[in-house]
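Here's a short tour of one protein chain, written for someone just getting used to looking at structures. Keep the picture open while you read.

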Amino acid sequence: MTDDGSIDSVRRFACTACGACCNRGPEMELGEATSLASAFVTQLLFKVHSLPLYGRSRRTAQWSALQRSRLPPAEALDEEREHLRNFAARERIDKSKGRSLHLTITALTIDREQGRCPALADRQCSIYPSRPYSCRTVPMHYSRPASVLGGYLESFVGTPEYKCDVSPGAPVVFDGRSIADASVAEARSEALAMVRSEMRWKTAVAALMDDGRDALAAGLPTFDEVLRQSDAGYATVAPMLAAWRIGRDIGVLSPAAFRSVCRDQAALIKAELDRGPGLDAAANLVGLLFDYEQEGVGVPGAPAAGGGPNGAVNVLKSLLEQK
């Protein structure tokens, strides 16, 4: 095999620590957001992935061409659908539109500034030993099945501002059909195991999204709302606190762990407000701070974030005075 630029060719890659791909905070799994609650302010991220229902159709051929899979269209579709089953908290068949629907639930950072991961310090990752799997599997993210990795890797290293080493001296990371980098392959395997271990938590969240009243009470969107947004090309976000409450209620998080993440998030939000974000961003953060303070208050020996039980209220008054 040669480095000929085709989808099936050998790919070489080495990170140069340029920091260019750290241009936003990471998308991560719910458990990762929990373990990194003292590092990132996060929100829930919902997407509905739509796949062609029938393997031998024009729509599938068009979809496969966009995916740049090395497999024939019908096989690429089967592979993608099977891979998505690792992630989907809810699946539906929409025969009227000839598609299958797959709801995924992850966590996404609320970034401090545009174009920069909050964990980036002088172009270096400040949480590198505990970074989430979305970072550990760059540039062969675990959400992508094997047959599309060659094409995706080519697009990734071709991003103009990225300074990846793809020279003949760089190590082979993809041999044309599979991952040749043992550390990336292991990280992908670990990531998928973690995703599967969280499915009970995610399906508990999804179960509350079927009924509008249940979703509203839990602070979640409905499945249909997420589907409409996804069809329009947008993801849907909701407060991460909703998932942590559900995790506590089903026993994924202990009451102590739940209060701990609330305090961690409140402290981070307060620190962000102290930096003086714009008014619109600040108003959203104040709302989050208030909710986290309410959950964190009353823990023996633990000071409330934001300067006391009314910390969020005081911050909001200050913002209004500035306006």
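## A buried alanine

Let's start with Ala238, which counts as buried because its relative accessible area is 8%, and the cut-off for buried is under 20%. Keep in mind that this is a predicted model. You'll find Ala238 in strand 9, which covers residues 236–239.

Who does Ala238 touch, once you skip residues up to four places away in sequence? The list is Gln43, Leu44, Phe46, Gly219 and Pro221. Take Gly219 from that list: Ala238 and Gly219 sit 19 residues apart along the sequence, yet their C-alpha atoms are 7.1 Å apart in space.

## The chain as a whole

Now zoom out. The protein chain has 13 helices and nine strands. It has 323 residues, and 45% of them count as buried.

Look at the contacts between residues at least 6 apart in sequence: 71% of these join residues at least 24 apart.

Next stop is Thr42, in strand 3 (residues 42–52). Is Thr42 buried or exposed? With 3% relative accessibility, Thr42 counts as buried.

If you leave aside neighbours within four places in sequence, the residues in contact with Thr42 include Met28, Ala33, Ala107, Leu108, Thr109 and Ile110. Met240, Trp244 and Gln265 are in contact with Thr42 too.

## Two helices side by side

To describe two packed helices, you give the angle between their axes and the distance between the axes. The crossing of helix 10 past helix 11 is left-handed.

Which residues do the meeting? On the helix 10 side they are Leu241, Trp244, Arg245 and Arg248, and on the helix 11 side Phe258, Val261, Cys262 and Gln265. Sorted by class, this contact between helix 10 and helix 11 has five nonpolar residues, one polar and two charged.

## Pairs of opposite charge

Side chains of opposite charge can pair when their charged atoms come close. How many salt bridges does the structure hold? There are 19. One of them joins Glu29 and Lys202, with the closest N and O atoms 2.5 Å apart. Glu29 is in the loop between strand 2 (27–28) and helix 1 (30–35), while Lys202 is in helix 7 (residues 199–207), so this pair ties together parts that are 173 residues apart in sequence. Glu29 and Lys202 are both buried.

Helix 10 shows up here as well. Its Arg245 meets Glu295 of helix 12 (residues 279–296), so that pair links parts 50 residues apart in sequence. The N-to-O distance in this salt bridge is 2.8 Å, and Arg245 counts as partly exposed because its relative accessibility is 30%. Arg248 has a salt bridge with Asp249, at 3.2 Å from N to O. Asp249 counts as exposed, at 58% relative accessibility, whereas Arg248 is partly exposed, with a relative accessible area of 28%.

How values were computed. Residues numbered from 1 in each chain as written. Predicted model: local features only at pLDDT ≥ 70, side-chain atom pairs only at ≥ 80, totals over all residues. Heavy atoms only, no water. Left-handed = near helix turned anticlockwise from the far one by under 90°. Helix = DSSP H or I, 4+ residues; strand = E, 2+ residues; numbered from the N terminus. Contact = heavy atoms within 4.5 Å. Nonpolar A, V, L, I, M, F, W, Y, C, P; charged D, E, K, R; others polar. Salt bridge = Lys/Arg side-chain N within 4 Å of Asp/Glu carboxyl O. Buried < 20%, exposed > 50% of the residue type's maximum accessible area, 1.4 Å probe, protein only.
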